[in-house]
Amino acid sequence: MIDLRNKEVWFVTGSQHLYGPEALQKVAQNAQIVVQGLDDDPVIPVRIVLKAVVTTAEAIHRVCVEANAASACVGLITWMHTFSPAKMWIAGLRDLKKPFLHLHTQFQQELPWPTIDMDFMNLHQSAHGDREFGFICSRMRLRRKVVVGHWQDPLVRQQIAVWTRVAAAWDDLRLLRIARFGDNMREVAVTEGDKVEGQLRLGFSVNGYGLGDLVEKIQSVSDTEIESLVREYDELYDVAPELRADGPRRAELREAARIELGLRAFLREGHFGAFTDTFENLHGLQQLPGLAVQRLMADGYGFGAEGDWKTAALVRALKVMSAGLPGGTSSV
């Protein structure tokens with residue numbers, strides 16, 4: 001199953017040394033409160049991790065490079081609590097290889113009009129800082145998500161949550177391994193494609209395996225394993241009378257269990273997150289792996305019929321994006 005709480009989005013707050021240590025300490029405290037609020041909200045599926053306030057080009061570049069190398073990090077949220085001169089961000093944003101979301105917000109929802117003074121104005125310059133940051137992102141033609149509104153607003157948090165799901169799916173695709181059992185259906189065009197280009201642009205690799213490799217794994221499944229899985233079928237599903245323990249076609253259900261166990265073992269041992277097969281290449285299998293495919297998709301695997309590796313990758317991405325949400329996704 002897919003657990004997005006194993007993934008992180010780093011929260012990076014921009015400022016500058018001009019304001020002095022006392023103001024920067026307050027910036028850090030406010031950023032911590034924002035991060036705690038986002039991380040505690042169950043609507044956001046990933047962990048929101050606070051990073052130190054960045055005030056120099058070197059610090060910005062360092063956190064961007066560290067994010068690139070951190071396997072758990074799927075992207076950044078940037079927030080300019082105060083004014084953060086945007087030329088400091090050029091090197092870091094230029095070298096950042098992961099998605100980022102620009103959160104255009106301010107710490108307090110309302111302005112304290114009776115007591116507002118220059119100290120408050122110096123500290124709360126999100127309108128100024130975020131405009132500056134937005135300018136340099138646009139000038140650099142950087143793709144990013146921009147969310148505008150107060151950080152405690154449920155609608156703002158929902159937008160952040162959706163983006164984190166997309167970022168997690170993007171991260172998963174970069175190293176996704178897809179097993180292709182047999183080729184695609186003969187004479188069919190739509191399931192063909194340039195697998196090298198797919199890997200260059202999106203990251204996932206597609207490799208073919210002969211049915212003999214899979215059949216060998218299926219034939220190694222023990223009777224004890226098969227009986228245990230068939231009992232699970234009996235408990236979970238409304239089994240047709242002819243497939244029940246005393247039915248004349250019980251052996252076919254046992255064979256479906258054997259195929260599922262072998263296919264599941266093959267995918268697990270090869271660290272695959274998606275797979276394809278084709279009904280025109282079933283040598284060594286006694287039936288289509290229909291039940292196995294449905295149950296593997298329920299567990300988060302991507303699948304494409306007739307060798308359709310593009311659909312397999314897409315279904316896997318949908319599985320990651322929708323992890324923990326009601327309903328489901330599937331290849332039909």
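A: Start with two terms. The domain bounds used here come from an automatic or database domain assignment. A pocket is an open set of grid points with protein on both sides within 12 Å along at least five of seven lines, and its lining residues have an atom within 4 Å of a point. Also, this is a predicted model.

Q: OK. What volume does the largest pocket have?
A: The volume of the largest pocket is about 610 Å³. Its lining has 25 residues, and M1, I2, D172, R316 and V320 are the closest to its centre.

Q: Which elements give two or more residues to that lining?
A: Helix 6 (154–174), helix 10 (250–269) and helix 12 (309–321) do. Helix 6 gives the most, with 4 residues.

Q: And where does this pocket lie relative to domain 1 and domain 2?
A: The largest pocket lies between them, because domain 1 (8–174) and domain 2 (176–322) both give residues to its lining.

Q: What's the lining like by class?
A: For the largest pocket, 10 lining residues are nonpolar, 5 are polar and 10 are charged.

Q: Switching topic: how much space lies in the second largest pocket?
A: The second largest pocket holds about 380 Å³. Among the residues that line it are L93, F100, W170, R174 and R201.

Q: Which elements give two or more residues there?
A: Helix 6 and helix 7 (195–202).

Q: How many of its lining residues are polar, and how many charged?
A: The lining of the second largest pocket has no polar residues and 5 charged ones, with 7 nonpolar.

Note on methods: Residues numbered from 1 in each chain as written. Predicted model: local features only at pLDDT ≥ 70, side-chain atom pairs only at ≥ 80, totals over all residues. Heavy atoms only, no water. 1 Å grid on protein atoms, 1.4 Å probe; cavity = no way out; pocket = protein on both sides within 12 Å on 5 of 7 lines; lining within 4 Å. Points joined across faces, edges and corners; volume = space filled by probe spheres on them. Nonpolar A, V, L, I, M, F, W, Y, C, P; charged D, E, K, R; others polar.
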